[in-house]
Amino acid sequence: MTELISKLETKKWNQVVQKMHQLAHRIDIFCSAILFQGKRRINYFFNKRAVHHSITKRSGNCLRCGRCCHASIKCQHLEYDENGLSLCKVYDQKPILCSLYPYNETDYFDHLRDTCGYKYEEGSL
Ligand code: SF4
Ligand code: SF4
């Protein structure tokens, strides 16, 4: 009986630890996404020409996963169609930095780099 209680307690404790890990991971993603958004705004402000040049090397297509639109906080203009594809409610007037994501090979949210449909050749900066 004591052994069973001890096993259950260990299981519960492991679940708590796992939840804490998941929470820490989410907080980490949220904070790095906020920092990244600030960084790309500043970079765009000071390097507009370079950004508009580098984006000409972008290949691939947007897969409309919508992940970049809620990398930190979900954008109020983000919706999904009946097929689960993202829709921007202000598509024609969306902010320039939305259209320019990702604008070079370093301009990816860390956790979205591999899943984004847009690609850059390595060393294309
Ligand atoms: S993460 Fe990439 S593929 Fe997904 S919506 Fe954004 S630009 Fe498109
Ligand atoms: S304005 Fe549109 S493209 Fe930009 S983050 Fe919001 S939903 Fe995405």
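In this tour, Ala, Val, Leu, Ile, Met, Phe, Trp, Tyr, Cys and Pro count as nonpolar, Asp, Glu, Lys and Arg as charged, and the others, Gly among them, as polar. The model is predicted: local features need pLDDT of at least 70, side-chain atom pairs count only at pLDDT 80 or more, and totals for chains, interfaces and linings use all residues. Residues are numbered from 1 along each chain as its sequence is written, while chains are lettered from A and ligands numbered from 1 in the order in which they are written.

Begin with the whole chain. Its C-alpha atoms fill a box of roughly 70 × 35 × 25 Å along the principal axes. Three helices and four strands are present, in the order α-α-β-β-β-α-β; helices (H or I, at least four residues) and strands (E, at least two) are DSSP runs, numbered from the N terminus.

Next, select ligand 1. Its shell comprises 13 residues, the closest being Cys62, Leu63, Cys65, Cys68 and Cys116; a residue belongs to such a shell if its C-beta atom, placed from the backbone, lies within 6 Å of the molecule. Eight nonpolar, three polar and two charged residues make up this shell.

Move to ligand 2. Around it are Cys69, Cys75, His77, Leu78, Cys88, Val90, Lys94, Pro95 and Cys98, of which seven are nonpolar, one polar and one charged.

Finally, select arginine 40, in helix H1 (residues 2-46). Arginine 40 counts as buried because it has 21 C-beta neighbours inside 10 Å, the threshold being 20 or more other C-beta atoms, placed from the backbone, within 10 Å of its own.

Terms used. Buried ≥ 20, exposed ≤ 12 C-beta atoms within 10 Å, placed from the backbone.
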